[in-house]
Amino acid sequence: MKPTIHINTMRTMLKSGERVSIKFWKDTGEIVVADDVICTSSYRHGNSFNIKFLNSGQFRKVKAISIFEINDLEVFI
């Protein structure tokens with residue numbers, strides 16, 4: 001069984017600006033594995049994060065609720 005953390009702890013980890021690995025669901029249900037990413041900004045009203053993939057330089061907007069794992073820690077609500 002994987003160790004778990006609360007979604008608020010995940011938000012704090014992302015906002016720290018440190019490199020993290022996350023897993024999240026796309027709108028289609030597909031799982032995206034994002035290794036070595038950083039959060040560049042967050043939006044409390046929209047409950048989302050802008051993340052940057054450090055390997056490719058690509059940016060992506062991810063809803064907080066769709067993130068289910070960060071640094072091999074399962075996220076719960």
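**Ground rules.** I'm working with a predicted model, where local features need pLDDT of at least 70, side-chain atom pairs count only at pLDDT 80 or more, and totals for chains, interfaces and linings use all residues. Residues are numbered from 1 along each chain as its sequence is written, and side-chain values use heavy atoms, without hydrogens and water.

I traced seven strands in an open, mixed sheet, ordered 1-7-6-2-3-4-5. Strands are DSSP runs (E, at least two residues), helices likewise (H or I, at least four), numbered from the N terminus; two strands pair if DSSP finds at least two bridges between them. Strand 1 (4-6) and strand 5 (59-63) each have a single partner strand, so one side of each has no neighbour in the sheet.

I found strand 4 (residues 48-53) antiparallel to strand 5, joined by five bridges. Asn50 sits opposite Lys61, and Ser48 opposite Lys63. Five residues lie between the strands, and Gly57 has a positive phi near 80°.

**Helix.** I checked helix 1 (residues 7-15): it lies across several strands, including strand 1, to which it runs at about 85°. Axes are lines fitted to C-alpha atoms (for helices, over the stretch in contact), with angles from 0 to 180 degrees between N-to-C directions; contact means heavy atoms within 4.5 Å.

**Ile31.** I looked this one up in strand 3 (residues 31-43). Ile31 is partly exposed at 46% relative accessible area, a class between buried (under 20%) and exposed (over 50%), with a 1.4 Å probe and protein chains only.
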